[in-house]
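Please read each point with the coordinates open beside it.

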Amino acid sequence: MAAAASSSLGNLNASSSQWLGRRPINRTAVLPTRRLSLSVRAAAGAYTDELVKTAKTIASSGRGILAIDESNATCGKRLSSIGLENNETNRQAYRQLLLTTPGLGEYISGAILFEETLYQSTTDGKRFVDCLHDEKIVPGIKVDKGLVPLPGSNNESWCQGLDGLASRSAEYYKQGARFAKWRTVVSIPCGPSALAVKEASWGLARYAAISQDNGLVPIVEPEILLDGDHSIDRTLEVAEKVWAEVFYYLAENNVVFEGILLKPSMVCPGAEQKEKASPETIAKYTLKMLNRRVPPAVPGIMAIDNIFLSGGQSEVEATLNLNAMNQSPNPWHVSFSYARALQNSVLKTWKGRPENVVAAQKALLVRAKANSLAQRGLYTGEGESEEAKKGMFVKGYTY
């Protein structure tokens, strides 16, 4: 009988090795012990209470995250779309427009900044961090160092930035940041390979643990890229496997679940799939994945504008999808963390001209209010402009 049991386990491990990375299948037996060490760490952590409070503040009713953490190169692409040169003066002017919008805090609870922006001030000398504090918006910081090719994979990527992360996080905390973002990606057309999924999951878990040790609430973000012609069922399959791996490693690294936020991609068909999905279908699949994989201890799920990630759908589609997810109660606060889904109309209204700043800020408030309504399940889509209905997908998009 022992031999038969051993054979059975061997077969199970072999058939699962593509996703489990050939770890012993009995790893689940270790989890209760690991979770016991988690409770000890949570009680002793210097920042635990603050982390939980910060996470709850960001995951507050009717509010979400404004993501303006684009690298200088990516911000330059945004500026070039309206005919502006990519220099610090223009980047500062655009971010000042966003961060000094009167009344923004009614709809926005957190703002993810690029390192340059965290240390910048307005032209009048007021720190951007203080502008956010005045609106009761929590400042956040992008801490990863970008994607590079992953050797041994199927043309996939891994995310850099763990080296020196502890010291950088401590400095960001001193500057006023209270949460962090680390974005890694998984490509369905490229597999994804077991190696890429494991690397993404382990990197996210190490980043999360280091962030919490330095007072920053980590946003956990394994983005499932929209590129490809795969079905929504294939996206669901991959998303479930990725999030299972992510939470396994979060537990292994003793991360306090009550002090994190998630930033998942919406479960959508590939951008090149001919059979499109309705907001109701996307919401159904996304919530199915989240209910199967995310513990209720996690306070907030901040969707990205694909939807959950900046980049794939139109501004209106992103908002409709979020609204559909909030038509019934969820175990967690389900809101938004949007970049282009909040900024696309703003950029085109501003056009780099000082006389358009007020109009551009009003455009930002329109989009922020729409998503605030969607977070409460009250968005109807009435009165939206044609510009807001235009898709934003860019094949092979780099952040």
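1. The chain exposes about 16400 Å², of which carbon and sulfur atoms supply 53%; accessible areas here come from the Shrake-Rupley method with a 1.4 Å probe, and for residues only the protein chains shown count as cover. Of the 399 residues of the chain, 57% count as buried, where buried means under 20% relative accessible area, exposed over 50%, and partly exposed in between (1.4 Å probe, protein chains only).

2. This is a predicted model, in which local features need pLDDT of at least 70 and side-chain atom pairs count only at pLDDT 80 or more, while totals for chains, interfaces and linings use all residues. Residues are numbered from 1 along each chain as its sequence is written, and side-chain values use heavy atoms, with hydrogens and water left out.

3. The chain contains 14 helices and 10 strands, taken as DSSP runs (helices H or I, at least four residues; strands E, at least two) and numbered from the N terminus. Among contacts (heavy atoms within 4.5 Å) between residues at least 6 apart in sequence, 79% join residues at least 24 apart.

4. In helix 3 (residues 48-58), the buried residues include Thr48, Leu51, Thr54, Ala55 and Ile58. These residues lie on the same side of helix 3 because they cover an arc of only 125 degrees around the axis, the arc being that of the directions from the helix axis to the C-beta atoms. The exposed residues Asp49, Lys53 and Lys56 are carried on the face of helix 3 that is turned away from its buried side.

5. Strand 10 runs parallel to strand 1 (residues 64-68), to which 2 bridges join it (strands pair if DSSP finds at least two bridges between them), and Leu66 has Tyr338 in strand 10 as its bridge partner.

6. The structure holds 14 salt bridges, each defined as a side-chain nitrogen of Lys or Arg within 4 Å of a carboxyl oxygen of Asp or Glu. One of them joins the side chains of Arg78 and Glu70 at 2.5 Å, N to O; Arg78 is buried at a relative accessible area of 11%, and Glu70 is buried at 2%.

7. A salt bridge in another setting is that of Lys174 with Glu171, whose closest N and O atoms are 3.5 Å apart. The two residues are 3 residues apart in helix 8 (residues 165-175), and are therefore separated by about one helical turn. Lys174 is exposed, at 65% relative accessible area, whereas Glu171 is partly exposed, at 40%.

8. Lys263 and Glu221 also meet through their side chains in a salt bridge (3.7 Å, N to O). This pair links distant parts of the chain, 42 residues apart, with Lys263 in the loop between strand 8 (261-262) and helix 11 (279-293) and Glu221 in strand 7 (residues 217-224). Both Lys263 and Glu221 are buried, and salt bridges that share partners join Asp69, Lys181, Glu221 and Lys263 into one network.
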